[in-house]
Amino acid sequence: MHTVVVEKEFPHPPEKIWRALTDPKLMSLWLMENDFVPGIGRKFSLRAKPVAHWNGVVDCEVLALEPCRRLAYSWNVGADGPAALRTVVTWTLWPSPAGTRVRMEHAGFRPDQKGNYQGAQFGWQAFFARLEPLLAQP
């Protein structure tokens with residue numbers, strides 16, 4: 001299995017970053033449109049513009065929720081079967097002298113999902129690039 005990892009330190013308190021990770025309106029500004037509701041076992045979807053071979057929907061379920069510390073959710077794309085992508089995204093936050101250290105792990109890519117894995121590497125870099133200016137706003 002392969003994992004995409006992005007780690008970054010932000011000059012903001014964990015509470016501000018947590019809000020960006022869990023507030024549906026803020027999530028839509030840097031991640032995707034969504035109907036996120038915090039709560040273990042809660043299902044939600046992320047929605048992007050459909051493209052060839054993808055309807056633009058990611059079905060998710062909250063797996064772990066420790067406010068201002070850890071958030072994990074499933075990331076399911078596609079119908080059931082061998083082409084389906086069933087992975088897990090885990091966010092970990094911890095205070096640092098400069099603000100907050102953030103680690104995002106998107107785990108569970110099978111060796112035969114090289115294209116999905118490479119797409120996730122690109123995608124998460126783009127998501128982080130949109131998250132940074134959002135956090136800089138008051």
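**Figure 1. Glu7, Glu9, Arg101, Arg103 and Glu105 join up in a salt-bridge network.** A salt bridge here is a Lys or Arg side-chain nitrogen within 4 Å of a carboxyl oxygen of Asp or Glu. The model is predicted, so local features need pLDDT of at least 70 and side-chain atom pairs count only at pLDDT 80 or more, while totals for chains, interfaces and linings use all residues. Residues are numbered from 1 along each chain as its sequence is written, and side-chain values use heavy atoms, with hydrogens and water left out.

**Figure 2. Arg101 meets Glu9 in a salt bridge.** Here the closest N and O atoms are 3.9 Å apart. Arg101 belongs to strand E7 and Glu9 to strand E1 (residues 2-10), so this pair ties together parts 92 residues apart in sequence. Strands (E, at least two residues) and helices (H or I, at least four) are DSSP runs, numbered from the N terminus. Arg101 has a relative accessible area of 24% and Glu9 one of 31%.

**Figure 3. Glu61 and Lys43 make another of the nine salt bridges.** The closest N and O atoms are 3.5 Å apart. This one links distant parts of the chain, Glu61 in strand E4 (residues 57-66) and Lys43 in strand E3 (residues 43-47), 18 residues apart. Glu61 is partly exposed at 26%, whereas Lys43 is exposed at 63%.

**Figure 4. The largest pocket has a volume of about 630 Å³.** Of its 25 lining residues, Trp54, Trp75, Val77, Asn116 and Gly119 are the closest to the centre. A pocket is an open set of points on a 1 Å grid over the protein atoms alone, where a 1.4 Å probe fits, with protein on both sides within 12 Å along at least five of seven lines; lining residues have an atom within 4 Å of a point. Points are joined across faces, edges and corners, and the volume is the space filled by probe spheres set on them. Strands E5 (70-77) and E7 (99-109) and helix H3 (114-136) each supply at least two lining residues, with H3 giving the most, 10.

**Figure 5. Cys60 is buried, but Cys68 is partly exposed.** Their relative accessible areas are 4% for Cys60 and 21% for Cys68. Searching the whole structure turns up zero disulfides (pairs of cysteine sulfur atoms within 2.5 Å).

Note on methods
Buried means under 20% relative accessible area, exposed over 50%, partly exposed in between (1.4 Å probe, protein chains only).
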